[in-house]
Structures are given as C-alpha cells and as structure tokens.
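I opened this notebook to record, step by step, what I looked up in one protein structure.

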Amino acid sequence: MFDGIQRRVVSLWFPRLASDRVLRLRPVEGPFAVTLKHQNVNRIYCLNIAALKAGLHPGMSYADARAFCPDLQSCVAAPDHDLRFLQTLRRWATGYCPWVGLEGADGLILDVTGSAHLFGGEAAMLSDIHNRLMRRGISVQIGLADTRGAAWALAHYNPGIAPYGRALETVKTLPVAALRIDEKMSIALQRLGLRSIGDLAGAERAPLARRFGLELLLRLDQALGAQPEEISPQAEPPHYAVRMTLPEPIGLLSDVMAGIERLLHQLCRKLERQEMGARKLCVTLRRVDQDHQQVELRLARPLRDAKRILPLFERGLAGVDAGFGFDMLRLEATQAEAVAVQQISHVSGAGKDQLDDLITRLGTRIGLENIQRFLPADSHIPERSFTIAPAAYSAPAHGWSVVQPRPICLFPPEPIAGTGATPPARFRWRRMFLTVGRAIGPERIAPEWWLEDDNWRSGLRDYWRVETTQGRRLWLFFTPQNPGWFVQGEFA
C-alpha cells in the first residue's frame, strides 16, 4: 500500500457482546435482554437472537419490550464488565497476530499481515476464528480487507473477505454508514442522493468538505486506502508474579520460608523496576496431591522490601497443611500501587516503618479496616470536627489546631437538671450527685445551617468547662433558644 507491504487487516465485531457475556455465565432459554438506564428511561441495550426474532430492537424502552414480549428475561448492563470481557478477547486474539487493538466498545482490529499462512490461508484463519468463538457462545461478524476502514465496513455490513487489491470495488457497494460516521451525517448524505460509498467517492470533494467537514473525507480516504490508518496494539499490563517448582516436596516451615524469601527477592526487583510497591500479596502452595493452599497478606503500606515483608508471612504460613509436601510455590502481588521516590538522607525512618509493620501484623489478626485513626475535619461542630479512617489507607494528619480545649471523651448529649444561663451549682449525672467547683465559659457555637442535623435543631449552644469537687471535669452546654442543660464530654 504505502510501504510496499501487502497489508491485510481483520475486523471482529461482536454485535451481542453484552448479552453473550451474561449468557455464558447464566444460560437462559427464550428472549433475553440487557437493559441500561438512559435519560431516566430503562432501555434495551443488547439482545440475544431469540429476542431479535421476537421483534425487539436495541434502544426501545424496556416497558414496551415487555409489552411485546411478556416472557422476556433481562438483567442490568455492566459496561465495565463488558470492557474487561473485550480485553480478555483481545488477549485471546493475540494467538493469531501480535498487533491487536480495540475497535470501539464492541470490536477488535487485527493486523494479520504475514501471519495468515500460519493457519492455512486467510479463509482458513477466519473460519477458525469464527468457529472457536461460536463454540464459546460468542457471536461475531468478521471482515478482512486491505485497510482498517474497509475491514470495519465489511464486518458491519457485508461480512467476508475482500481479496487483496479488490477492497476498492467491494467497499464502494456498501452504504455510506459503513464509513464510521455518525447517524445524523449518514441520513443527511442519503437525502442528497449519496447512498453508497461509490456515490460519495464520485461526488465533488469541495462541497462535501464545506458542508460536512474534513472528517467525512478522511473516513472515505481511509476506507479506500488513500490515507493510512495505523493499528495501535495495547501493551500488556505488568504481571507481578513469580513461582518456583521444586524437585522434591518440602513441608517444614523453615523450608517454605526459605523458598518464599527467594521468590520475594525476585518479585521486589520486578516491582522496583516499575517503581511500584505491593499492597496485597498471595502465596499459593501446591501439594503433591494437587491440592492448593493459599496465604494472603495485606500490607499497611505499599512495600518492595523483601526483608520487611518476609517476617509478616510467618504467622499465615504456620497454619497451612503441608500434607505430603509442597512441590510448587507461587507468589503474586495481587494489588500494587505506585511508590513515590524518596530522598535518601541520614535521617532514619525506622519509626514509621515499625508502625506500618505493627499495623500489618495486627491487621492479619483483626483486619486492616478495624485499625483506625482520627483525622481532623473542617468543622466547628464538636461531633464533626474529626473523621475516623482506617490507618492502613490514610496518612496521619498534623493539623490539629484547636483554639479552645476539647474533651478527650465525647459522647451524645445527656440531659441534666438545671435552670438559668450559668451552670447549676449541684446536679445529678449518671446516678452521681456532683458539686461544681469551678466553671469556665461560655463558648458559643452556632449550628451549621446548611447541613441537616436533628441534634442541632435546638439552635445555639453555650459550652462550659466545669470542674466538680468530686474530681470530674465535664463539658456542659446550655441551649438558650430551648432552655436546657446537657453533658457532652469529659476531660482527662
């Protein structure tokens, strides 16, 4: 074409990708639809063949579809799951050629130049692709041509093979919608009498450019081979896993730890090259009877230091059942995060590392989510002046600047008997009779009117720090708009 190479491109279109994905996991008999909510209306997103034969079509409302077909079964669409399924198909398609890319949300594009002869020719290769996909319950339409645009057009409007050098004649017979243009532009062209790509190719280019823009002419040239269009294969994501096959089975904890140590050093070197750190690790131990034992380790911080990670595995590995021994060890970082580059200095960070290791050790027993820390929040309301977050997924904050002292123990307001705007001299709280020795205040706190909070519907609060003769140091408040006294906290 442009470089003297007889380029051949395959386009795979999966017209029922969403429904095929669901039906592979949960087969059903009869009409089936995948629905998606659009503009507050639940509409048909994808259909199986039985639903299409029943007269349903994508885009119609789900209520109308049920009226036409009462026995219609359905599920809610999951575009993110469909994308992951398409990525799986992309990896599968690399068995035919290394250059495989995504074509929209429901298709693949393959540059099979020089690889078709490995499968017995183009026709045999396309037949093998079609049969293998159909056996797995995946509907596909395939087009093969000299250009990417022509292959896409054939897959969507005339599945088959365009012989090399004959793509021009084949594509010209297709409708203008085969140029990968939007529906509005396609309708406008048909109203002008330009119904096929051949009609469009024979028309004057300048008026078309002025009315429809350069995108139309670009798509036309790409389909007919006048403009190149490359295929950009997606790079495989890094896979952080290593394994070791043993000539003789092992069962002692010391031997297993030694094997894990070797694997950890390999994995950490791979993580270091990618500037990543492991957040979740999984060890798989295969026994000689083909049974598998797994030990998972969740870390408080992303790590790639084998010396720090290895001791954390000891407790989990001590509880595995070795049986007649393990003959394969596999270590995988199932979750990895980027590790920021740090400046090396003489100041040691051992204290922070020890705290992270302690959180990890406790987390293996009670769960990382159950180890929490307090973080400051931007609010003058006492109950909202802090948040609670898992210590493993948050950093300690240093912005605890408080103008007025706050109690170390804060609890929901508890009413006490009292009158007037000053603290009562004697009051009963939690079955104790207390005498006020000293009172400091008031500190007036107004409610945040922009937030709904039933606890602050009484309006303003005047807070007092009260020291009793019995040794209690309490935090009291008075509500002037609805007179009443309450205890909300206790100082150390």
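Predicted model: local features only at pLDDT ≥ 70, side-chain atom pairs only at ≥ 80, totals over all residues.

The entries below go through strands, a helix, and a few single residues.

Entry 1: I then looked up the order of the strands in the open sheet, and found five of them arranged as S5-S6-S1-S7-S8, with mixed pairing. Which strands stand at the edges? They are S5, residues 100–102, and S8, residues 160–161, and because each has a single partner strand, one side of each is left without a neighbour in the sheet. I reminded myself that strands in a sheet pair through backbone hydrogen bonds, in either a parallel or an antiparallel way.

**Entry 2: S7, S8 and the helix across them.** I followed S7, residues 141–145, to its pairing with S8, which is parallel and has two bridges. Leucine 144 has isoleucine 161, in S8, as its bridge partner. I also looked up helix H5, residues 122–135, and found that it lies across S1 (9–13), S7 and S8, running at about 160° to S7.

**Entry 3: S2 with S3 and S4.** Next I turned to S2, residues 32–38, which pairs in the parallel sense with S4, residues 73–76, over four bridges. With S3, residues 41–47, strand S2 runs antiparallel, and six bridges join the two. Which residues stand opposite valine 34? I found cysteine 75 in S4 and cysteine 46 in S3. Two residues lie between the strands in the hairpin of S2 and S3, where glutamine 39 takes a positive phi near 55°.

**Entry 4: glutamine 222.** I located glutamine 222 in helix H11, which covers residues 214–224. Is glutamine 222 buried or exposed? I wrote down buried, because its relative accessible area is 9%, and the cut-off for buried is under 20%. Leaving aside residues up to four places away in sequence, I listed the residues that glutamine 222 touches as Thr147, Gly149, Arg180, Gln227, Pro228 and Glu229.

Notes:
Residues numbered from 1 in each chain as written. Heavy atoms only, no water. Pairing = 2+ DSSP bridges. Contact = heavy atoms within 4.5 Å. Axes fitted to C-alpha atoms, helices over the stretch in contact; angles between N-to-C directions. Buried < 20%, exposed > 50% of the residue type's maximum accessible area, 1.4 Å probe, protein only.
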